[in-house]
Amino acid sequence: MGNSRKLVFRRAAQIGLLCVAIFAFLGAGDENARFNGLGHRMMCVCGCNQILLECNHVGCNYSDHMREELIAAINHGDNDDLVLQAFIQKYGTTVLAAPTSKGFNRVAWTMPYAVLVLGLGVVTMIVRAWGRKAVALREAAGPTDPAMEPFRDQAQRETEL
Amino acid sequence: MPQLGSFAVLFALALSVYALFAGALALLRPDAAGERLGETARRAGVAIFFAVALGALCLVTAAFQNDFSLAYIYHHSNRDLPAPYKFAALWSGQEGSLLFWSLLLAAYGLVLRLRHNVDRRLFAYASVIIAAVQVFFLLLVNFAANPFAMMQGTLPADGAGLNPLLQYPEMVIHPPMLYLGYVGFTVPFAFALGALMMRYPGEKWIHITRRWTMVTWGFLTCGIFLGAHWAYSVLGWGGYWAWDPVENASLMPWLTGTAFLHSVMMQEKRGMLKIWNMWLIFATFLLCVFGTFLTRSGLVSSVHAFAQSSIGNWFVAMLALTFAVCVAAFVKNRSHLQSENRLESLISRESSFLFNNLLFVVACFTVLWGTLFPVLSEWVQGHKVTVGPPFFNRVNIPVALLLLLLTAVGPLLAWRKTSFESLKRNFSIPALAAIAVAILVIGFGMRPWAEQSAFYSLMTICLSVMVTVTVFSEFVRGGRVIAGKTGKSLLAAMGRLAHNNTRRYGGYVVHFGVALVMIGLAGSAFNQDKEKEMGYGGKMDIGAYTLTCRSYTQDDKPNYRSEWAILDVTKNGKPLTTLYPERRFYKASQQMSTMPALRSTIQEDLYVVYEGVNEDNGRPIIRVHLNPLVMWIWIGWLTMVGGTALCMVPNAARVPLGAPAPARATVAAEAGD
């Protein structure tokens with residue numbers, strides 16, 4: 001029973017991971033989607049701190065021109081990396097709305113996941129270690145009266161926060 | 001008036017210094033003389049409020065009297081500024097907002113000191129700690145950012161005016177709410193640190209601070225959502241959250257504060273996680289101060305930040321000193337924080353709280369990390385990078401989904417240990433409901449395999465449904481038991497159930513509110529927008545809507561000039577409404593501001609922005625956003641506030657529902673409750 005349950009859990013986890021991976025790496029390739037995607041990966045550099053396609057300043061000296069440049073680059077057939085590189089060359093690294101995944105910038109992306117994984121590991125270890133201690137203590141204390149269980153449950157329900 | 005205000009804040013500083021040192025001395029002398037000294041310190045603490053309130057009153061009066069001899073009033077007001085905004089000028093600038101912070105802290109301190117009979121010694125410790133924080137802020141107000149500083153040279157005839165973005169009704173209440181949240185966390189921090197310093201026996205201090213913490217959390221929640229609503233209504237970019245450093249600064253203490261509200265239940269109920277809880281509340285307070293530092297130091301660039309100034313150094317010193325005091329108190333008294341129980345099972349309420357806390361802290365770390373990474377990058381690489389919405393969304397959405405999953409599962413887990421069968425039994429209905437909704441949503445046309453955002457959106461909706469079903473099943477299950485025993489209707493029984501344990505069921509209502517907010521956020525994956533120049537009779541289609549430009553015109557008011565368009569809106573060809581998107585030019589500050597026109601329904605928001613005019617032909621340029629489900633966010637927020645309010649209602653006196661179980665008291669005592 002225990003093994004089959006573990007197997008079901010493992011299968012479910014594998015299927016879940018597969019679904020996440022499939023959906024995470026899917027993407028659209030048409031030009032509108034590319035314009036939209038790239039435009040949301042860059043900032044307007046006028047100082048408004050807004051995503052390029054969300055800058056709403058009419059007559060902004062930067063965003064209108066940058067959008068035109070983006071359309072031109074896409075129409076020219078440049079791939080995404082080339083387009084972004086051209087913008088970095090012209091406007092500096094702060095034009096990208098998020099750090100790249102190269103060099104030191106990789107740390108920006110990995111650190112939160114590393115902390116999450118580390119934290120999950122530590123919490124799981126703590127729970128397991130404490131669980132083993134609690135079982136040992138309970139066994140040392142001897143068996144409890146099964147007739148008391150309903151009352152213990154009732155007390156627990158009624159005092160629950 | 002300025003002299004009186006200046007004297008009042010100086011006098012408040014003197015009182016704070018006295019309350020700090022006399023209070024601390026009294027704590028070291030446990031005799032009658034010490035008690036008398038402590039009482040004088042308490043009274044000085046009470047008087048701080050009146051002195052700071054007088055200072056604030058003087059500043060507001062100066063704003064209403066158009067006293068531009070004060071530099072602060074000159075920079076943040078003008079003669080034609082409407083009265084509510086003159087009042088709001090108190091917190092619209094660096095100096096005034098620090099005075100306002102001091103005022104709120106003094107108000108919290110006043111309530112605390114008037115309630116000192118609850119536990120005199122613990123309250124005396126808390127009072128001294130609050131006085132110490134008060135000294136810091138009053139030092140700033142008196143010596144680093146004085147709101148009563150005078151103008152140099154010739155007096156100007158009119159003021160420079162308030163920032164146009166702040167001239168909006170919500171800005172009159174958003175900052176006070178946010179500040180009430182920020183400042184309010186000083187109180188649980190003071191109680192926690194005081195309890196640690198005096199090695200307070202038992203968990204009574206947590207019971208004492210529970211309402212303080214919830215009130216504070218409620219204010220911070222309101223402040224954050226009001227800020228989001230203000231951004232949505234005024235900034236004109238069609239969104240409500242941009243992961244701006246100042247927004248992040250308010251989110252960080254909210255995340256750790258929420259973690260604290262959950263984990264503190266483990267300390268109350270099982271005597272566990274004492275060290276963790278202590279550090280969570282320390283961290284929450286430090287993050288509140290850090291957030292204030294972030295907005296005022298110029299460390300990171302933000303559209304919301306106050307002007308750069310030298311007060312950043314003061315905050316660094318304050319943060320370092322507070323952290324050192326916390327570490328010293330912890331090292332000296334850590335033996336007092338031994339856990340009384342151990343976790344017994346991975347599938348239990350306790351472990352769900354542990355994982356929930358982990359996720360909250362990771363989310364907080366991610367926000368902090370992303371906010372500070374540009375600074376770190378500049379140190380390491382020599383150039384800044386931008387860490388904007390793509391980073392925060394990509395990293396935080398999975399964490400938020402895990403949190404939502406725990407919100408759905410957690411309430412179904414029993415304390416100590418839950419059997420797999422019990423979990424399966426309780427969880428099957430919420431899980432089936434989520435699957436049914438997923439099928440329904442895909443049937444209506446959502447394609448989660450087409451885009452990552454659609455996939456996340458579907459997951460969010462499904463998990464939110466799970467949370468909702470879990471919450472309602474808890475109400476219904478408990479309600480049925482009461483209805484069966486009392487003969488009341490199910491609805492009345494559920495009401496009684498909630499009144500019997502307001503904290504638990506208020507918490508569930510908050511969870512339901514969170515689910516509604518998450519559904520609202522999920523809608524953003526399907527936002528659409530369009531921009532078009534519209535002359536007379538010009539049309540623009542978006543979704544099922546058609547906008548027709550009936551006219552465009554201009555107006556001149558004392559405070560601003562404005563231009564707006566009149567747009568008739570039809571949906572599927574049927575007339576719906578008329579919208580008036582507007583753009584204003586504020587005369588005093590010489591700044592532009594947009595006033596988007598909004599038609600909000602439960603299904604979607606039609607959000608129209610007057611972006612300006614084409615200078616060649618004078619036609620307005622209109623941008624339209626179609627944002628699905630935004631109203632759910634605001635309804636969810638109000639539900640969260642309602643749930644928080646329910647948590648603070650005292651429990652109804654228990655009435656026995658049936659024959660008392662034999663040996664009930666003995667069993668309850670045996671269970672350790």
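**Entry 1: the pairing of B:Phe585**

I looked up B:Phe585 and found that this residue stands opposite B:Met592 in strand 7 of chain B. The model is a predicted one, in which local features need pLDDT of at least 70, side-chain atom pairs count only at pLDDT 80 or more, and totals for chains, interfaces and linings use all residues. Residues are numbered from 1 along each chain as its sequence is written, while chains are lettered from A and ligands numbered from 1 in the order in which they are written.

I noted that strand 6 (residues 582–586) and strand 7 (residues 591–595) of chain B pair in the antiparallel sense over 5 bridges. Pairing requires that DSSP finds at least two bridges between two strands. Helices (H or I, at least four residues) and strands (E, at least two) are DSSP runs, numbered from the N terminus. Strands 6 and 7 of chain B form a hairpin with 4 residues between them; in the turn, B:Gln590 has a positive phi of about 55°.

**Entry 2: B:Asp555**

I located B:Asp555 in strand 3 (residues 545–556) of chain B. B:Asp555 has 11 C-beta neighbours inside 10 Å and therefore counts as exposed. For this term, C-beta atoms are placed from the backbone, and a residue is buried if 20 or more other C-beta atoms lie within 10 Å of its own, exposed if 12 or fewer, and partly exposed in between. From B:Asp555 to B:Arg584 I read 29 residues in sequence and 9.4 Å in space, C-alpha to C-alpha.

**Entry 3: an open sheet in chain B**

I then traced an open sheet of 4 strands in chain B, in the order 1-10-9-8, with antiparallel pairing. Its edge strands are strand 1 (528–533) and strand 8 (597–600), each of which pairs on one side only. The twist from one strand to the next averages 15°. Strand 8 of chain B is joined to strand 9 (residues 604–613) of chain B by 4 bridges, and B:Arg599 has B:Leu606 in strand 9 as its bridge partner.

**Entry 4: helices 10 and 11 of chain B**

I recorded an angle of about 165° between helix 10 (residues 245–270) and helix 11 (residues 274–297) of chain B, with their axes 9 Å apart. Axes are lines fitted to C-alpha atoms, for helices over the stretch in contact, and angles run from 0 to 180 degrees between N-to-C directions. Helices 10 and 11 of chain B are therefore roughly antiparallel to each other. Angles under 35 degrees count as roughly parallel, over 145 as roughly antiparallel, 65 to 115 as roughly perpendicular and the rest as oblique.

**Entry 5: chain A**

I found 6 helices and 0 strands in chain A. Buried residues make up 20% of its 161 residues.

Helix 2 (residues 31–39) and helix 3 (residues 63–76) of chain A have axes that come within 10 Å and cross at roughly 135°, which makes helix 2 of chain A oblique to helix 3 of chain A. Among the residues that meet here are A:Phe35 and A:Leu38 in helix 2 and A:Leu70 and A:Ile71 in helix 3; contact requires C-beta atoms, placed from the backbone, to lie within 7 Å.

A:Val135 counts as partly exposed because it has 13 C-beta neighbours inside 10 Å. The C-alpha atoms of A:Val135 and A:Asp80 are separated by 57 Å, at 55 residues apart along the chain.

How values were computed. Two residues are in contact if their C-beta atoms, placed from the backbone, lie within 7 Å.
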